[in-house]
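Q: Hi, I have a structure open and I would like to talk it through with you. Could we go over it piece by piece?

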Amino acid sequence: MHMMVSRPEQWVTPMAVAGANQYTFHLEATENPGALIKDIWENGMKVGLAIKPGTTVEYLAPWANQIVMALVMTVEPGFGGQKFMEDMMPKVHWLRTQFPSLDIEVDGGVGPDSRPCAEAGANMIVTSQEVRNWCV
Ligand SMILES: O=C(CO)[C@H](O)[C@H](O)COP(=O)(O)O
């Protein structure tokens with residue numbers, strides 16, 4: 001589950017009860033990432049950590065060994081159909097270099113040519129609008 005929400009602490013138990021096996025939250029949405037990561041693991045879920053375009057990877061790095069996935073937003077969170085921010089790829093590359101075994105996801109504006117994401121080191125993508133475009 002990608003929890004694009006404020007106060008992500010309040011949804012950990014409900015999501016675990018509902019059967020979620022991974023809980024991804026936004027680093028900017030909590031004042032105590034360490035406690036939240038611990039709580040998610042204790043509720044039987046894996047942990048993903050997302051950062052918005054304005055957040056540098058240095059803020060995520062201290063938590064990288066406690067999570068299974070880093071999510072680099074390639075649009076401002078909020079809605080689909082926005083333009084892919086290729087200037088986020090250095091973050092992906094840095095994370096791949098520093099944490100080779102980490103899943104790295106990019107989310108937002110990813111089109112049919114996802115090579116910049118793969119070349120930077122992402123191994124997971126989220127895409128919506130472009131898939132809908134292919135289907136019509
Ligand atoms: O939720 C989003 C931003 O908040 C994402 O942009 C969305 O999940 C992916 O959609 P798209 O491929 O159309 O950018």
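Q: On the other side of H2, which residues are exposed?
A: Bear in mind that this is a predicted model. On that side of H2, the exposed residues are Gly34, Ala35 and Glu42.

Q: And which residues of helix H2 are buried?
A: In H2, which covers residues 33-42, the buried ones are Pro33, Leu36 and Ile40. Around the axis they cover an arc of only 65°, which puts them on the same side of H2.

Q: What covers the buried residues of H2?
A: The cover includes helix H1 (12-18), together with the strands E2 and E3. Just after H2 comes glycine 44, which takes a positive phi of about 80°.

Q: Where else is there a positive phi, in a residue other than glycine?
A: Arginine 7 has a positive value, with phi near 45°. Arginine 7 has its place in the loop between E1 and H1, and it counts as exposed because 10 other C-beta atoms lie within 10 Å, where the cut-off for an exposed residue is 12 or fewer.

Q: Let me step back to the whole protein. How many helices and strands are there?
A: The protein has six helices and six strands, and along the sequence they follow the pattern β-α-β-α-β-α-β-α-β-α-β-α.

Q: What does the radius of gyration say about the protein?
A: For 136 residues, a compact globule would have a radius of gyration near 14 Å, and the protein has 15 Å, which agrees. Along its principal axes, the C-alpha trace spans about 40 × 35 × 25 Å. Of the 136 residues, 29% count as buried.

Q: How many of the contacts join residues at least 24 apart?
A: If we take the contacts between residues at least 6 apart in sequence, 50% of them join residues at least 24 apart.

Q: Now the sheet: in what order do the strands come?
A: The six strands form an open sheet in the order E1-E2-E3-E4-E5-E6, and the pairing is parallel. Strand E1 (2-3) and strand E6 (124-126) stand at the edges with a single partner strand each, so one side of each has no neighbour in the sheet.

Q: What do strands of a sheet pair through?
A: In general, strands of a sheet pair through backbone hydrogen bonds, and the pairing can be either parallel or antiparallel.

Q: How many bridges join E2 to E3?
A: Five bridges join strand E2 (residues 22-26) to E3, and these two strands run parallel. As an example, tyrosine 23 has valine 47 in E3 as its bridge partner.

Q: Why is E3 said to be largely enclosed?
A: Five of the six residues of strand E3 (residues 46-51) are buried, so the strand is largely enclosed by the rest of the structure. For E4, four of the five residues are buried, so that strand too is largely enclosed by the rest of the structure.

Q: What about the bridges that join E3 to E4, how many are there?
A: E3 and E4 run parallel and are joined by four bridges, and glycine 48 has methionine 69 in E4 as its bridge partner. E4 in turn pairs with E5 in the parallel sense over five bridges, where the bridge partner of methionine 69 is aspartate 103 in E5. Three bridges then join E5 to E6, which run parallel.

Q: I keep looking at aspartate 107. Which strand is it in?
A: Aspartate 107 is in strand E5, and it stands opposite valine 126 in E6. Aspartate 107 is buried, because 22 other C-beta atoms lie within 10 Å and the cut-off for a buried residue is 20 or more. Leaving aside neighbours within four places in sequence, it is in contact with Leu71, Met73, Thr74 and Val126.

Q: Changing topic, which residues of helix H4 are buried or exposed?
A: In helix H4 (residues 89-98), Lys91, Val92 and Leu95 are buried. Seen down the axis, these buried residues fall within an arc of 100°, so they line one face of the helix. On the other side of H4, Pro90 and Thr97 are exposed.

Q: Last one: how many residues surround the ligand, and which are the closest?
A: The ligand is surrounded by 17 residues, and the closest are Pro77, Gly80, Gly108, Ser128 and Gln129. The shell divides into six nonpolar, nine polar and two charged residues.

Key:
Residues are numbered from 1 along each chain as its sequence is written. This is a predicted model: local features need pLDDT of at least 70, side-chain atom pairs count only at pLDDT 80 or more; totals for chains, interfaces and linings use all residues. The radius of gyration is taken over C-alpha atoms; the globule rule is 2.2 Å times the number of residues to the power 0.38. Two residues are in contact if their C-beta atoms, placed from the backbone, lie within 7 Å. The arc is that of the directions from the helix axis to the C-beta atoms. A residue is near a molecule or strand if its C-beta atom, placed from the backbone, lies within 6 Å of it. Ala, Val, Leu, Ile, Met, Phe, Trp, Tyr, Cys and Pro count as nonpolar, Asp, Glu, Lys and Arg as charged, and the others, Gly among them, as polar. Two strands pair if DSSP finds at least two bridges between them.
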